[in-house]
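Have it open next to you as you read.

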Amino acid sequence: MPVGAGREIGVGQSQQRGSGTEAFLLQMHKRPGELDESFVEIARRFPANRQPEILQYFVGLEVKLPVEAIEPREVTRVLPLPGERGGEGNNLRGLGTHAAESSGSPARDNTHQNPAAPSFAVTFPCPVARLRAMQRPSRQSSIVARSGRFASGPAAEVAAFSESISFDWRLWRQDIAGSLAHATMLQKIGILTAAELKSIQTGFAEIATEIEAGKFRWKPELEDVHMNLEAELTHRVPAGARLHTGRSRNDQVALDIRLWLRDETTALQTDLRTLQRSLLKLGAANATVVIPGYTHLQRAQPVYLAHHLLAYVEMLDRDHGRLADAAARANVCPLGAGALAGSTLPLDRELVAKLLGFVDAKGRPQVTQNSMDAVSDRDFAVEFCATAALLAVHLSRLAEDVILWASSEFNFIRIADAYTTGSSLMPQKKNPDVAELTRGKSARVIGNLMSLLTLLKGLPMTYNRDLQEDKERLFDTADTVRACVRLMAAMLAHTTVNAPACAAAASDPLLLATDLADYLVRRGMAFREAHHVVGAVVALAEGLGKPLDQLSLVELQAVNPAFAPDAADIFNLGKAMARRAITGAPGTKEVQRQLAKWRKLLR
Ligand code: ARG
């Protein structure tokens, strides 16, 4: 339906004028002060005496899409609306007047409360289709997803309230993939001819190319990605009108999210591996560095830095596994569930599932087994968000360690300048913002999980529009955790270890007090007694103002005669690290073994 150049687009009180090729834009929604700079810029390209009108026009045009979509050269003329008193221009008001008039009136549609509000028209020499992409019609939007029983479209406020295209457009690849599989199946069961299927495939290929190139115009009045794509396909290809056979947006959106999550999960798993490699590399490059291990943030026992870093590699590995578990449960095709009750048509659900890769390890198609569950289930979204929330908590803990280590008090690591920021006031500051933001962003990821759970908890069967609220939480979760994982990986790759500072901290002999108790155990003492004895030794050293390892044998034996000359050997850090030989301990051999294992696994 491309419209020839020079069509007039009215701006005013009338709703729809003539054929569907003409649309009326709405009245002032915004005050002049709220105008986007770009509108003002566009208005400046008009002769000075027309600028207030053009600006006024943009005041009324509620544009959701990027303002760059409007080519200023396409706005050629401003006209009075037919039937307006006074003719061109004389019912227009200055911006200031309008601001005064409209203040206090409702944000939208104030024409009807305020008959004096200005109205006028402009001529767009561009196809209406393009214009539609930019506009939001006034009192009522065009009729969307409505059967013959509706006399009108939804009110503009309702359309704006209920649209999801502003965020669900990003499901377009999944939506097209789902539609193509569905169409292939419809052809197989005789609902589409081979030629119709071909035309649908070609139509979607063109649309996909345009979306990729950023040339596709998403239309808010078409509500969501499903309607936008189907409407555009049908506009290009008559067979598009048959595509929705046996399908509802309810099973369609459930499908799209599952497909989208599948890709995001794989991508997140890849990102996780990169972060694990960063941790491993930092540990392996500093394999001989020992630091104090902490409990209660108090120095406890010595550990290799690599052991500490590998603790996070383990955590992230569980996250990786949880993602895989969740993905396996999400790997079930809901298409065919229809709105809630399947279809009376002989849809081949297994074929669709196979085409979309919803298969088990043996290649057998996986389809949902209850149509009501299929359209109301968002467990896969919750599972992803729960897994992501735990991952975010892990990242936050890692971030906290990094922040501590980068402080002057610890001084264990240095983060490269590119991954730190300065202070606007204190010239000496170098702040670990990547780590701090990662810690901070865990809050929203946890919040998203709570939102989803709360969203679902009161819903009766089956699909309810509430479910549209799942997507932003889900998208935000995936975007946030993926960014955190990537940034933490990059930051760690640009972090160096301050080995002397670590060695100084690890040389604290108190870290080996437990080793001294183990020494007494090896000499036959019960651990509880040994624990008590070493406590008394520590108190004695404190009383004498000596480091623990500087007590003489006589002093040790004054506490307990079980000490022998070899007790001094306990404080040799190298030997102490070698003694920690059991699986999972931070001992020299064991940490080497763990590093080698992870090097192999993360290759
Ligand atoms: N945009 C909707 C959503 O995200 C798609 C499903 C709409 N279904 C409906 N019956 N209105 O949930």
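## Where α10 meets α22

Q276, L280, G283 and A284 in α10 meet L595, W598 and R599 in α22, with contact meaning heavy atoms within 4.5 Å. Sorted by class, that contact has four nonpolar, two polar and one charged residues. Here Ala, Val, Leu, Ile, Met, Phe, Trp, Tyr, Cys and Pro count as nonpolar, Asp, Glu, Lys and Arg as charged, and the others, Gly among them, as polar. Helix α10 covers residues 249-285 and helix α22 covers residues 588-601; their axes come within 11 Å and cross at roughly 145°. The crossing of α10 and α22 is left-handed, that is, the near helix is turned anticlockwise from the far one by less than a right angle (clockwise would be right-handed).

A word on the ground rules. This is a predicted model, where local features need pLDDT of at least 70 and side-chain atom pairs count only at pLDDT 80 or more, while totals for chains, interfaces and linings use all residues. Residues are numbered from 1 along each chain as its sequence is written, and side-chain values use heavy atoms, with hydrogens and water left out. Helices (H or I, at least four residues) and strands (E, at least two) are DSSP runs numbered from the N terminus. Axes are lines fitted to C-alpha atoms, for helices over the stretch in contact, and angles run from 0 to 180 degrees between N-to-C directions.

## α10 again, now with α11

The axes of α10 and helix α11 (residues 305-330) come within 9 Å and cross at roughly 165°. That makes α10 roughly antiparallel to α11 (angles over 145 degrees count as roughly antiparallel, under 35 as roughly parallel, 65 to 115 as roughly perpendicular and the rest as oblique). This crossing of α10 and α11 is left-handed, and the contact's residues split into 16 nonpolar, five polar and five charged.

## α18 against α19

Helix α18 (residues 513-522) and helix α19 (residues 527-544) have axes that come within 9 Å and cross at roughly 135°. That makes α18 oblique to α19. Their crossing is right-handed. On the α18 side the contact includes L516 and L520, and on the α19 side F527 and V534. By class, it has eleven nonpolar, one polar and one charged residues.

## Around the ligand

Which residues surround the ligand? They are S164, D224, H226, R249, N250, V253, Y463, R465, Q468 and K471, each with a heavy atom within 4 Å of it. Y463 has a side-chain N or O atom 2.4 Å from an oxygen atom of the ligand. A polar side-chain atom of S164 sits 3.3 Å from a ligand nitrogen atom, and one of R249 sits 3.5 Å from a ligand nitrogen atom.

Most residues other than glycine have a negative phi, and most peptide bonds are trans. The peptide bond from M461 to T462 is cis, with omega near 0°; T462 is in the loop between α15 (433-457) and α16 (470-493). H296, in the loop between β4 (290-295) and β5 (298-304), has a positive phi near 55°.

Terms used
Polar contact = N/O pair within 3.5 Å; in protein donor to acceptor, adjacent residues only side chain to side chain.
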